[in-house]
Amino acid sequence: MKRHQMRESAFILVFEKIFVDEPVESILETAEECEEVKLNADAKALFTGVAEKTELLDEEIKKYLKNWTIERISKVSLAILRLAVYEILFSDETPTSVAIDEAVELAKEYSTGEDASFINGVLGSFARSLEAPAQ
């Protein structure tokens, strides 16, 4: 499974979790039965990590929303942002630029060009804040 396919599968699960108030294990079990969702250990781990850290991820995302609230963001964009912020913060294997590029590609595939630009802007601001020296 390619890394993009792994992220796409994790994105689908993160998106579903927004609407379904069920345990991670239940969502994974259902996904295993679905032919459209290709799961491997990395996709499961990515989804599980995002699900466990959703509150922290949302707090980080909120810091970089200009004239927006997290409640106003489309559910697709929110799922993509959560996934990318998680990868940037917690995946040593994924360079920040790759996480951002993949998030933008997912947005182009599952949403609109406007959403892709919005996601790129939020993640760019987030990434720059991580690079800034502590004051």
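**Exercise 1.** Determine whether Phe11 is buried or exposed in this predicted model.

*Solution.* Step 1: the relative accessibility of Phe11 is 3%. Step 2: buried means under 20%. Step 3: Phe11 therefore counts as buried.

**Exercise 2.** Classify the aromatic pair of Phe11 and Tyr110, and state which parts of the chain the pair ties together.

*Solution.* Step 1: a pair of aromatic rings is described by the distance of the centres and the angle of the planes. Step 2: for Phe11 and Tyr110 the centres lie 4.9 Å apart and the angle between the planes is 50 degrees. Step 3: planes under 30 degrees apart count as stacked and over 60 as edge-to-face, with the rest tilted; the pair of Phe11 and Tyr110 is therefore tilted. Step 4: Phe11 belongs to helix H1 (residues 3-19) and Tyr110 to helix H6 (residues 96-110), so the pair connects parts that are 99 residues apart in sequence. Step 5: Tyr110 is partly exposed, at a relative accessible area of 33%. Step 6: ring pairs also join Phe11 and Tyr110 with Phe15 and Phe19 in a cluster.

**Exercise 3.** Describe the pair of Tyr86 and Phe90, and identify the charged end that sits over the ring of Phe90.

*Solution.* Step 1: the ring centres of Tyr86 and Phe90 are 5.1 Å apart and the planes stand at 35 degrees, so this pair is tilted. Step 2: both residues lie in helix H5 (residues 75-90); because they are four residues apart, about one helical turn separates them. Step 3: Tyr86 counts as buried at 15% relative accessibility, whereas Phe90 is partly exposed at 37%. Step 4: the charged end of Lys53 sits over the ring of Phe90, 5.1 Å from the ring centre.

**Exercise 4.** State how H1 and helix H3 (residues 41-52) pack, and what kinds of residues form the contact.

*Solution.* Step 1: two packed helices are described by the angle between their axes and the distance between the axes. Step 2: for H1 and H3 the angle is about 35 degrees and the axes are 8 Å apart. Step 3: the crossing of these two helices is right-handed. Step 4: the residues of H1 in the contact include Met6, Ala10 and Leu13, and those of H3 include Ala43, Leu46 and Phe47. Step 5: the residues of the contact comprise eight nonpolar, one polar and four charged.

Key. Residues numbered from 1 in each chain as written. Predicted model: local features only at pLDDT ≥ 70, side-chain atom pairs only at ≥ 80, totals over all residues. Heavy atoms only, no water. Phe/Tyr/Trp six-rings, centres within 6.5 Å; stacked < 30°, edge-to-face > 60°. Buried < 20%, exposed > 50% of the residue type's maximum accessible area, 1.4 Å probe, protein only. Lys NZ or Arg CZ within 6 Å of the ring centre and 35° of its normal. Axes fitted to C-alpha atoms, helices over the stretch in contact; angles between N-to-C directions. Left-handed = near helix turned anticlockwise from the far one by under 90°. Contact = heavy atoms within 4.5 Å. Nonpolar A, V, L, I, M, F, W, Y, C, P; charged D, E, K, R; others polar.
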